Amino acid sequence: MNLEPQQDIDVTTPEATGALAPSVSALVPVPERARGLLLRMFADPYVLEQAERSELLGQLRDTVAAHPAVAELHVLLGMALCVNLEVQEAMEELRESVRLAPDSFIAQLKMGELWMRLRVCRKAETHTRRAALLAQNLAQAELARRQAAAIRTMLRQGVERGGYRSPLAVLSRLRRFWQGRQDEAVVAVDG
């Protein structure tokens with residue numbers, strides 16, 4: 001057990017900056033009221049009233065405007081926007097967080113989660129895989145694993161949105177459907 005007095009760490013040295021990069025950005029001040037609302041949102045996203053969500057978004061937007069280079073703040077704002085069902089803005093904030101910190105586990109994971117919820121499974125799979133590779137502990141690895149499993153299930157069940165498809169694709173599916181029903185009718189008559 002080390003009983004020597006602890007020294008302050010000079011975060012301006014290259015050694016400290018590399019080792020403390022994630023925690024240094026965590027020192028960015030988030031207003032106390034916003035922290036409380038974030039904790040409640042993380043516990044249960046449906047517990048916040050509309051006025052509280054608006055207040056949280058306002059405070060997070062101000063914080064992001066004051067510290068635009070901190071990827072984690074963009075992640076928090078993106079998550080709050082998702083809870084408020086502002087999907088396009090959430091996507092922009094999460095995209096910015098991934099751009100600012102491509103090696104951020106949480107930025108990649110949350111971007112993957114948003115794509116998964118939008119049922120764009122291939123993009124979700126890419127970001128989730130990247131997050132899994134960036135995981136630094138078992139808890140992070142488990143989060144990424146569970147999200148990847150949910151995406152695989154969605155792909156297996158055919159839940160993925162396919163983007164633009166020609167109107168003719170619908171006609172060909174209908175034709176296959178009717179042809180299958182005709183085949184079943186022939187089997188029933190022959191049987």
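The structure is a predicted model, in which local features need pLDDT of at least 70 and side-chain atom pairs count only at pLDDT 80 or more, while totals for chains, interfaces and linings use all residues. Residues are numbered from 1 along each chain as its sequence is written, and side-chain values use heavy atoms, with hydrogens and water left out.

**Exercise 1.** Determine how α4 and α5 are arranged, and which residues of the two helices meet.

*Solution.* Begin with the elements: helices are DSSP runs of H or I with at least four residues, numbered from the N terminus. Helix α4 covers residues 71-83 and helix α5 residues 87-100, and they pack at an angle of about 160° with their axes 8 Å apart. The axes are lines fitted to C-alpha atoms over the stretch in contact, and angles run from 0 to 180 degrees between N-to-C directions. The angle therefore makes α4 roughly antiparallel to α5, a label used for angles over 145 degrees, as roughly parallel is for those under 35. Next, the contact (heavy atoms within 4.5 Å) joins A71, H74, V75, L77, G78, L81 and C82 in α4 to E89, A90, E93, L94, E96, S97 and L100 in α5. By class, this contact has eight nonpolar, three polar and three charged residues, where Ala, Val, Leu, Ile, Met, Phe, Trp, Tyr, Cys and Pro count as nonpolar, Asp, Glu, Lys and Arg as charged, and the others, Gly among them, as polar.

**Exercise 2.** State whether α4 and α6 are roughly parallel or roughly antiparallel, and describe their contact.

*Solution.* The packing angle of α4 and α6 is about 20°, with the axes 10 Å apart; the two helices are therefore roughly parallel to each other. V75, M79 and C82 of α4 make the contact with I106, A107, K110 and L114 of α6, a set that divides into six nonpolar, no polar and one charged residue.

**Exercise 3.** Describe how α6 and α7 pack.

*Solution.* For α6 and helix α7 (residues 121-134), the angle is about 155° and the axes lie 7 Å apart, and the pair is therefore roughly antiparallel. Among the residues of α6 in this contact are F105, W115 and M116, while those of α7 include H127, R130 and L134.

**Exercise 4.** Identify which helix supplies the largest share of the lining of the largest pocket.

*Solution.* The largest pocket is lined by 22 residues, of which P45, C82, V83, E113 and R117 lie nearest its centre. A pocket here is an open set of points on a 1 Å grid over the protein atoms alone, where a 1.4 Å probe fits, with protein on both sides within 12 Å along at least five of seven lines; lining residues have an atom within 4 Å of a point. Helices α2, α4, α5, α6 and α8 each supply at least two lining residues, and the largest share, seven residues, comes from α6.

Technical notes. Angles under 35 degrees count as roughly parallel, over 145 as roughly antiparallel, 65 to 115 as roughly perpendicular and the rest as oblique.
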